[in-house]
Amino acid sequence: MSRVKFNVNTEYAYIQNFKILQNTFAKHQIDRLVPVESLIKCKMQDNLEFLQWTKRFWDQYYPGGEYDAVARRKGPGNPVVTAAAPVTSSRTSGAGAAKRGTTPNTGAARKGVVGGSTSMAVVHENNQLKETVAGLERERDFYFSKLRDIELLVQEAVEADPEIEKEEEGLVKRIQTTLYSTEVQPALTEQQYQSAHQ
């Protein structure tokens, strides 16, 4: 952390800091390429994607405990971050506004632990949803095969006696109407069918 230059605003300094980050990733065997060229252009989408990945990585691997980012920044060659006036915007109020240039350390341990347990809860919920989807797909396939069997039986009956299909009020015609109806044009209910043919 002592080699990282904070409060920089030149492309050269950005590249230098990202190289330090990339070397740190390689040292700790983290297989994530830092997209330096994309990040130094300061485009929101690229930075957001990398930040989201960083947050997910933090939630997954941070063991918990106190983390004081400001104290970690103070090293030889780094500017000491002074307490700036609170920045107030439409999203923050004067009392709850964070100081610019500092990272609050209160509750950081709780966020790390909650992030980890939240992540596990999301993984568990995701697995449950996958099981539900698999069950629904099996049920769908089961009923589809039943409908296909009925369709084949109707086709066999029509091939055996082609006159069955010509009967407007016949059972085969009603089964075919039900089988081949779409959501746009639903099949007639028994009541509708009888009232139409009386």
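Helices (H or I, at least four residues) and strands (E, at least two) are DSSP runs, numbered from the N terminus. The model is predicted: local features need pLDDT of at least 70, side-chain atom pairs count only at pLDDT 80 or more, and totals for chains, interfaces and linings use all residues. Residues are numbered from 1 along each chain as its sequence is written, and side-chain values use heavy atoms, with hydrogens and water left out.

**Figure 1. Salt bridge between D59 and K55 in helix α3**. A salt bridge is a side-chain nitrogen of Lys or Arg within 4 Å of a carboxyl oxygen of Asp or Glu. The closest N and O atoms of D59 and K55 are 2.7 Å apart. The two residues are 4 apart in helix α3, about one turn of the helix. D59 is buried at 15% relative accessibility, whereas K55 is partly exposed at 45% (buried means under 20% relative accessible area, exposed over 50%, partly exposed in between; 1.4 Å probe, protein chains only).

**Figure 2. Salt bridges of E151 with R148 and of R140 with D141**. The closest N and O atoms of E151 and R148 are 2.6 Å apart. These two residues lie 3 apart in helix α5 (residues 108-160), so about one helical turn separates them. E151 is buried, at 17%, and R148 is partly exposed, at 37%. For R140 and D141 the closest N and O atoms are 3.1 Å apart; R140 is exposed at 52% and D141 partly exposed at 41%. The count of salt bridges comes to 3.

**Figure 3. Stacked aromatic pairs, F50 with W53 and W58 with Y62**. Rings of Phe, Tyr and Trp (its six-membered ring) pair if their centres lie within 6.5 Å; planes under 30 degrees apart count as stacked, over 60 as edge-to-face and the rest as tilted. The whole structure has 6 aromatic pairs. The ring centres of F50 and W53 are 6.1 Å apart with planes at 25°, so this pair is stacked. Both residues lie in helix α3 (residues 44-61), 3 residues apart. W58 and Y62 are also stacked, at 4.1 Å centre to centre and 15° between the planes. Ring pairs link F25, F50, W53, F57 and Y61 into a cluster.

**Figure 4. The largest nonpolar core**. A nonpolar core is a set of buried Ala, Val, Leu, Ile, Met, Phe, Trp, Tyr and Cys residues joined through side-chain atoms within 4.5 Å. This one has 9 residues, among them F18, V36, F50 and W53. Helices α1 (11-27), α2 (36-40) and α3 each give two or more residues, and α2 gives the most, with 3.
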